[in-house]
Amino acid sequence: MEGEALVYASLESMLASFKDFWNYLSKAGMQERHLVDKVLGKVLKELPPKLSSRIHGYPGIRERDVVQTDMEIISDLVLEDVIRDENIERQFLEECYCNSGALSNYALVSRDILNTRYKYLFQDNDQKAQLEPVASKKGLNSNLMDVIANSVSRRPILLVGDVGAGKSTFVANLLRVEAPAEFEKSITLKVDLGSQAIVTNDIKASILDELARQLKENFDIDIQDDDFVRHCYYVDLEVFKKSVHVKRLYEIDPLGALHKEIAFLGEKTDNKGEHLKYALKYISRSQHKQVVIFIDNCDQRNDSDQETAFLVSQEIATNWSMIVFLALRPETFHRAKQFTGALSGYHTKAFTIAPPRVSEVITKRLRFAQKITRGEIQLSNFKLNVTFSKLDSLIDVLLTSLENDSKLYELIDNIANGNIRKSIEMVKDFFGSSYTNTRKILESVAAKGYYSVKTHEFLRTIIYGSNIHYNPSASRIANIFDVRHYDPKEHFLMPILLGLLHSSLVNNRQDGFIDTATVYSAIQAFGFTPEQIDSVIDSAYTKDMLETSEKGSRLLHDAPLKLRITPLGAYHVKRLPSTFTYVDAIIADTPVFARDASWNRTVYTFSEKVSRVTAFKEYLDAEWEKMNTNGNYFNWKTVSAELAAEMQWVTGAPSR
């Protein structure tokens, strides 16, 4: 066989030319077919270097001052750690829990689209599927309550919800607020697979060990205790005592017979799984209580662990005669149902948990936090101090700002993308961010009695995080003007893709989904190649700006997928491109093809930033004109005018 090949003689030679090695053999490089182009002799043009490549120490860490550091620590305490304080858990749930499934008022996709969140978990012809919302406006699903009250399930009860949708909070609220009377009649155990205590890769062993630990710590039942073991295996032990192996031994060697007993019972307890099963059955029978097991936070484990957790829960529910609740991500549920076989033969009974309204969650959490900062609720081992007073003022400012400016809720809601956990993190990060001018806010409150947080102030904390410069690998915000091939018009490829997907929301015949063939056909009309489209779809999917009808975590271009924009994707294409704060940030991460790009440099003052954004806008104006398009799906000319108008408002100068 003859041909060209890329050969590295040693690890040292790979290291010496690591840039080429990475470009050819990394996952991204293979997707871009750089190795194929190399061996076929195709010369690849290098992209213009990004500004970030010329910034020393990029992306840099922006230091917090003392007040900002204090706000970071204390906000974490009152917004995150509070949910783990057992002394106030019930009060927290009663005051902060929000019903699942209430549709957002601020998402940039329609309410009808949000309502079909879990519709595509099953194939149309799946007769073994039964999917119901866990709750409605009237309260908990009556079918779920029947299962709990009557102990009728011999299969795991699946709680299906996206990451951060509120599965853990739902379980806690169910136990402590909604149905405490039912669970007081039960031996209730809860395994948190997201806990730091469970770090092993052996999920089955972890679950069994955790159940045994909780029996000992929460119910004072040690399943290894000699008396317990003898009661648990009383019938078996009595049969053994009458067996030919030991009956006569009691008469001639009582000590030897006792050793035989110990060995017999030791064999029983050495099999962890079987012993735990017998122990739980004995406890249930002797105390006349049903055993209920919750396996939570599977979505914080990998797909294999989640499928293992399902198989363990299925074994417990089926063979141990116990009620088992298992929380799963939709993606894992979908693949296990259709591809891996773990759920393929299982008559599925699943309850979906849709996220509550972000605005309601944030408002309730902030008001509850204020009860802590004002001393109305005492946290364990913490006393009020001046820092709590400052945080109380900041919370008051943010609550008032949220009530008066719907754009703030729109920002948080869409960037969170249905993940309630992320929305709380963004609020918490705002309080402790080095980009939040805490002193200015507190001084304004002291002098004037108020301060209004602007959208661009909150957005800045999300874009930069703890970095000095925008870092796409760490930011919640993507750079939609980035390019992957030597093609200047690719600056507009991601916006066109997102615009195309967003346009389908108007014609809602497929619940907002578009066939991939239609997507490729429409975008190729702009002069883009299939490789470019592959790359941009991969990027948008990785950054959660689009979703697929297949609900999988892997995007397969040869699969008959349908694509749909997410709220995060919609916000990126409908709001961010015309925002000065966003454009100013992503310039450092965007290759510029212009011959004269002297303006593309690090700047520090506000006036310099305005000049650089103006130059970048004019650069994109010129590239858009070269495309000679009427602006279907995305029109940069319109966006450019909106950006100029915002800059005029920001600077007070005439727009350009």
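Mentor: Let's start with a pair of side chains: Arg476 and Glu425 meet in a salt bridge, 3.1 Å from N to O. By salt bridge I mean a side-chain nitrogen of Lys or Arg within 4 Å of a carboxyl oxygen of Asp or Glu. Arg476 sits in the loop between helix H24 (455-464) and helix H25 (493-503), while Glu425 is in helix H22 (residues 420-432), so the pair ties together parts that are 51 residues apart in sequence. Helices (H or I, at least four residues) and strands (E, at least two) are DSSP runs, numbered from the N terminus.

Before we go on, a word on where this comes from. This is a predicted model, in which local features need pLDDT of at least 70 and side-chain atom pairs count only at pLDDT 80 or more, while totals for chains, interfaces and linings use all residues. Residues are numbered from 1 along each chain as its sequence is written, and side-chain values use heavy atoms, with hydrogens and water left out.

Back to our pair. Arg476 is partly exposed at 28% relative accessibility, and Glu425 is partly exposed too, at 25%. The cut-offs are these: buried is under 20% relative accessible area, exposed is over 50%, and partly exposed is in between (1.4 Å probe, protein chains only).

Arg476 also meets Asp429 in a salt bridge, with 3.8 Å from N to O. That pair links distant parts of the chain as well, with Arg476 in the loop between H24 and H25 and Asp429 in helix H22, 47 residues apart. Asp429 is partly exposed, with a relative accessible area of 34%. Through shared partners, salt bridges join Asp76, Glu425, Lys428, Asp429 and Arg476 into one network. As a general point, side chains of opposite charge can pair when their charged atoms come close.

How many salt bridges are there in the whole structure? A search finds 34. One of them is between Lys50 and Asp589, whose closest N and O atoms are 3.1 Å apart. Lys50 lies in the loop between H4 and H5, and Asp589 in the loop between helix H29 (580-586) and H30, so this pair ties together parts that are 539 residues apart in sequence. Lys50 is partly exposed at 22%, whereas Asp589 is buried at 5%.

The peptide bond from Tyr58 to Pro59 is cis, with omega near 0 degrees. For background, most peptide bonds are trans.

Now for the nonpolar side of things. A nonpolar core is a set of buried Ala, Val, Leu, Ile, Met, Phe, Trp, Tyr and Cys residues joined through side-chain atoms within 4.5 Å. The largest one has 113 residues, of which Leu366, Phe431, Phe458 and Leu497 touch the most other members. Leaving aside neighbours within four places in sequence, Leu366 is in contact (heavy atoms within 4.5 Å) with Leu79, Ile395, Leu398, Leu399, Leu402, Val427 and Phe431. There is also a second, separate core of 45 residues, with Tyr233, Tyr282, Cys298 and Leu326 among them. In soluble globular proteins, nonpolar side chains tend to be buried together.
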